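This briefing is meant for a reader who is meeting the structure for the first time. Please keep the sequence and the model in view while reading, and look up each residue as it is named.

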Amino acid sequence: MTDDRSGILVAVAAGWFLSIGVRLAYPVLLPYLRDAYGLDLTTAGFLLTALWLCYALGQLPGGLLADRFGEGNVLVASTSISAVTLGLVAVAGSAPVVYVATGAFGFGTALYGVARFTTLSDIYPDNDGTAIGVTMAAGQAGNTLLPLAAGGIASAFAWQYGFGLAVPAFALVAIGLRLAVPGRTSNAESAVDSVSLETVRYVGRELRRPEIVTVAAIQILTYCVWQSFTGFYPTYLIEVKGFSEGVATGLFSAFFATGILVQPLTGRLYDRFGIRKALPPVLGVAAASLVALPLLEGFWPLVVGTAFLSSILGYGTITLPYMTAAFPADMQGTGLGFLRTVYMTVGAMSPVLFGALADRDYFDEAYLVLAGLVAVAVVLTWWLPPLSEQ
């Protein structure tokens with residue numbers, strides 16, 4: 001069983017490495033897309049909003065499908081759809097096609113989001129925080145390597161190749177998931193096998209529980225910060241701090257490289273101390289780093305600042321295991337999918353708003369707004385009960 005579990009963990013982590021890594025290649029390729037299609041910062045932000053809004057809207061269908069047809073089956077379907085839609089992004093010949101294909105890619109990768117959490121919670125019931133942390137660290141490896149590779153390929157050849165070369169990788173991961181992950185990891189009983197008024201009432205009752213509402217509010221705030229920061233950090237380094245595209249891409253990759261260390265650590269903190277003790281210090285470092293960012297000048301101060309800013313990447317390995325475990329097993333995918341749709345839909349609006357502030361020469365001030373959102377999230381953690389008290 002240990003070997004089987006390890007194989008599942010590796011396969012799920014590989015899928016997440018690719019899924020999140022390619023999505024985070026968009027910020028690095030944004031300057032190339034702006035040049036190719038004449039986009040300003042606001043319309044460039046809208047492209048990122050299209051990507052993440054469709055990713056948000058796919059969360060609930062992904063959760064419903066995982067509960068109904070099995071987690072492993074949905075993981076395979078997600079990576080297969082992602083391969084096809086990313087190919088469309090690569091061959092798109094106009095800005096409208098890029099927007100539509102990007103949205104379709106976001107929706108396809110969304111199906112992976114919920115199923116990976118419920119799969120790992122099923123396979124590692126006693127150490128789900130650590131398992132999810134390891135998988136999310138694999139995602140950070142993808143965020144480190146794939147944007148760097150996409151930027152290098154775009155610089156040497158064309159931005160389309162940065163997307164196109166990931167298509168066969170998605171196909172290989174789909175095969176690996178099919179071989180390693182059972183079609184279903186949870187029991188066969190599901191609260192959403194049939195749609196009825198009683199099912200809707202049951203799901204709605206669980207979603208209204210105070211701990212669910214509070215952790216969802218925290219997730220909305222922190223996800224808005226994550227979306228805005230990652231969407232525009234390379235552009236900020238180029239346009240405000242005066243770095244070249246290569247240096248900006250390197251610092252962006254360093255941000256995620258540090259996250260490879262941060263996320264397993266924060267996942268372990270959650271397993272050992274619970275959300276109320278683990279989350280405030282992680283968010284506190286993130287808030288302080290965002291406040292300091294506009295004051296930093298020069299390469300090495302920004303290297304150090306980027307390392308501290310990677311604490312932004314640690315909140316999810318604390319909030320998401322808590323959110324997943326808070327739901328009953330028979331609606332875990334549905335409940336998590338609904339909440340992910342809500343907070344990601346709200347969060348998807350943040351890049352276009354952040355871009356609008358940047359267009360009006362409020363780039364630095366926008367980061368102070370993000371710090372304020374993190375501070376509010378810290379306050380909300382005091383309303384979260386330990387799961388053992390439920």
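In this predicted model, Lys241 counts as buried, because its relative accessibility is 11% and the cut-off for buried is under 20%. Lys241 forms a salt bridge with Glu297, in which the closest N and O atoms are 3.4 Å apart. Glu297 belongs to the loop between α13 (275-292) and α14 (299-309), whereas Lys241 belongs to the loop between α11 and α12 (245-273), so the pair ties together parts that are 56 residues apart in sequence. Glu297, for its part, is exposed, with a relative accessible area of 51%.

**Salt bridges**

- Side chains of opposite charge can pair when their charged atoms come close, and a search of the whole structure finds three salt bridges.
- One of them joins Arg34 to Glu239, with 2.8 Å between the closest N and O atoms; because Arg34 lies in helix α2 (residues 25-37) and Glu239 in helix α11 (residues 210-239), this pair ties together parts that are 205 residues apart in sequence.
- Glu239 is partly exposed, at a relative accessible area of 44%.
- Another salt bridge links Arg209 with Glu211, where the closest N and O atoms are 2.7 Å apart, and both of these residues are buried.

**Aromatic pairs**

- Across the whole structure, a search finds 23 aromatic pairs, among them the edge-to-face pair of Tyr223 and Tyr343, whose centres are 5.3 Å apart and whose planes are at 70 degrees.
- Tyr223 lies in helix α11 and Tyr343 in helix α16 (residues 332-348), so the pair ties together parts that are 120 residues apart in sequence, and both residues are buried.
- Phe229 and Tyr233 form a stacked pair, because their ring centres are 4.5 Å apart and their planes are at 25 degrees.
- Phe229 and Tyr233 are both in helix α11, four residues apart, which is about one turn of the helix, and both are buried.
- One aromatic cluster includes Phe229, Tyr233, Phe252 and Tyr367.

**Nonpolar core**

- The largest nonpolar core has 117 residues, of which Trp52, Phe229, Tyr233, Leu290 and Tyr367 touch the most other members.
- Leaving aside its neighbours within four places in sequence, Tyr233 is in contact with Phe252, Leu293, Leu302, Thr306, Leu309 and Tyr367.

**Charges over rings**

- Arg23 lies over the face of Tyr55, at 4.0 Å from the ring centre, while Arg116 lies over the face of Trp16, at 3.4 Å from the ring centre.

Methods:
Residues numbered from 1 in each chain as written. Predicted model: local features only at pLDDT ≥ 70, side-chain atom pairs only at ≥ 80, totals over all residues. Heavy atoms only, no water. Core = buried A, V, L, I, M, F, W, Y, C linked by side-chain atoms within 4.5 Å. Buried < 20%, exposed > 50% of the residue type's maximum accessible area, 1.4 Å probe, protein only. Contact = heavy atoms within 4.5 Å. Salt bridge = Lys/Arg side-chain N within 4 Å of Asp/Glu carboxyl O. Helix = DSSP H or I, 4+ residues; strand = E, 2+ residues; numbered from the N terminus. Phe/Tyr/Trp six-rings, centres within 6.5 Å; stacked < 30°, edge-to-face > 60°. Lys NZ or Arg CZ within 6 Å of the ring centre and 35° of its normal.
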